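Please open the structure in your viewer and keep the selection tool at hand.

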Amino acid sequence: MQIKLSNLSFKYNKKAPFVLNNVSYTFNTGSIYALQGKNGAGKTTLGKLILGLLKPTKGEIYFDDTNAIKISAGKRADSIGYLFQNPDLQLFASTVLEELTFPFELKKELTDEKKNEISTLLEKFHLAGFEKRFPLAMSGGEKQRLALATIMSRNVDFLILDEPTSSIDSKGQSFITSFINDFVGAGGGAIVISHNDEFLSNLQNVTNLNLDGGTIYEKKN
Amino acid sequence: MKKRIDPRVKLLFIILLTTLAVLAKDVIYMSIILVVGIVINLCLKTDILYAIKRLRHFLSILIFIAIVQSLSIKGGRVLIPIGNTALLSTKGLQFSLEFLLRMSIIVVSGLIATSTDGREMIDGLLKLHMPYELAFMTSISLRFIPVFSEEFKTRLNAISMRGIDIKKLSLPKKIRVYAYLISPTISGCIMRSEVLAKSMQVRGFRAHPKRTMLRELKMGILDYTLVLISLLIAAAFLAGMYKHGILVTF
C-alpha cells in the first residue's frame, strides 16, 4: 500500500494560518517513518488528515491510486490503524473482550474464525485472562496493548502511532518497538510520531522526517 | 465596546431577555425581543455565525420539536387539511413559532455570556454578592460545555477508527453506538474535573477566606446608562404585553 500526499494544505479555519502547506510525500509499506517536529507543527493533524478525520483545505491524499476523498473515515480504518497518544480515548467498552468483538458484532461479522483471531490477539498482546477486565481501569501499558489489539483485529496495512511511548515504562517500550519492527517486517508500513530518540533508534529501516513550517523534510541519517 | 461593558450589565441583559422570552406569548413581541438580543450580540461582537454552526445539531432538534408541535396541536383555522382532518392549524403554527422564538431568544441571550471571559464573569457574580465558590462553579460549568462536546467528538472519531461508518448505520445500531459512548464520555469528564479539583487545591483554592482582586470591576457611566435603558425597554415590553393581554400568567 502507498499513501501519497499531493500538495496537501490544511488550516483549521479561514482566519487561521496554514498548519500544513503544500505537503507532497509518499509513504510506502515496508518502511517505518519517524515523524518529528516541534509541538504544534502539525504532526497529529497530518495523521488525522490521512485517516479522514479532517478534510484537506487544498490538495489530495491517495491510497495507492484512489483519491481518498471518496473513502470514508470508517472505510479507511480497514487499512490504516491509528493509535491515539492517550489510549483512554479509544477504549469505550465495559470489558476487554467486548472492546475487541463490538465492531464485528455490530457489523454482523463476528464469525468463529474472527473469534479465534481475537483469542490469538489476546495472547499476542499479553491480554489473555484479562477478558472480563474493565479497560479504563487497566494500567497505561495494558490499555495501549489493548488499543493496539483492536487495531490489529482489522488486519490493517498501515499504522499511525501518535507518541506511542508517552505513557509506558521501558518494558512497554521494548514491546512496542518489537511490535512495530515485526509489523513492518511482515510487509506493513508505519508512521511513528515521537520525540523519543532512544525509542526511534531501536526501530529498523527508519526514514526520519521532520515537519517544520508546514512542510515535510527528509532528514539525513 | 466588547471589553468596556461591565459583566454585571451583560448578566442583566441575559436575565431580562430570558425573562421576557418566558413571559411573552406573542410571535411579534417575541420576534422583536429576538432582534434586540441579536443586536446586543452584534454590538458586543459575538461571533453569532460560528455559534450557530457549533449549535447546529441542537438547533435542528429544536426545529424538529417545533414541527412536531405544529402538527400535533389542533385549534383555530385549518391551514393544511388532509381529507376531513387538519394537518396544520393556526394554533399549532402559532404554538410552534412561539416555542422556536422562545428557545432562540434563550440561546441568543446565552451567547452574550461568551463575550466576557470566565474571570470577568466570576468577578461580576462576586460583585452581585454571590459566594466565590458558587461563582467559580458557575464559570467552570460553562467552561465544561466545550470540553464535553470535544470529548464526545474524539470518541466518535475513535469509533470511526474501528472501521464503523456511523453515518451508514441503521437507527437502532446508531443508538447502540451512542449508548456505548455516553459512559466513557461522562467518566472522561469526571476524571478531568477531578484533575481540575486537585490542581485547584494545590494552588490554594479556599485556603484564605478573604480574597482580593487584582482588577476591581467598576461600573462606569456607560454601564449605568445601559442598565437604565435596558430596564426601561424591558418595562415597556412588559407594559405593552400586559396591555395587549399577551403576558403568560402562572
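Two strands are said to pair if DSSP finds at least two bridges between them. Helices (H or I, at least four residues) and strands (E, at least two) are DSSP runs, numbered from the N terminus. The model is predicted: local features need pLDDT of at least 70 and side-chain atom pairs count only at pLDDT 80 or more, while totals for chains, interfaces and linings use all residues. Residues are numbered from 1 along each chain as its sequence is written, and chains are lettered from A and ligands numbered from 1 in the order in which they are written.

**Stop 1: the sheet of chain A.** Select β3 (residues 32-36) and β9 (residues 206-212) of chain A, which run parallel and are joined by five bridges. Within this pair, Tyr33(A) stands opposite Thr207(A) in β9(A). Strands of a sheet pair through backbone hydrogen bonds, either parallel or antiparallel.

Now widen the selection to the open sheet of six strands in chain A, ordered β6-β7-β8-β3-β9-β10 with mixed pairing. Its edge strands, β6 (80-83) and β10 (215-218) of chain A, each pair on one side only.

Helix α6 lies across β3, β7 (158-162) and β8 (189-193) of chain A, and runs at about 150° to β8(A). Such angles run from 0 to 180 degrees between N-to-C directions, and axes are lines fitted to C-alpha atoms, for helices over the stretch in contact.

**Stop 2: where the chains meet.** Which numbers of residues are in contact between chain B and chain A? In contact (C-beta atoms, placed from the backbone, within 7 Å) are 15 residues of chain B and 18 residues of chain A. On the chain B side, α7 (132-160) and α8 (171-202) each supply at least two residues.

**Stop 3: two helices of chain B.** Select α1 (residues 7-23) and α9 (residues 221-243) of chain B, which pack at an angle of about 5° with their axes 10 Å apart. The helices α1(B) and α9(B) are therefore roughly parallel to each other, a term for angles under 35 degrees. Among the residues that meet here are Leu16(B) in α1(B) and Phe237(B) in α9(B).

**Stop 4: a hairpin.** Finally, select β1 (residues 78-82) and β2 (residues 85-89) of chain B, an antiparallel pair joined by four bridges. Ile82(B) stands opposite Thr85(B) in β2(B). The two strands β1(B) and β2(B) form a hairpin with two residues between them, and Gly83(B) in the turn has a positive phi of about 65°.

Key: Contact = placed C-beta atoms within 7 Å. Parallel < 35°, antiparallel > 145°, perpendicular 65-115°, else oblique.
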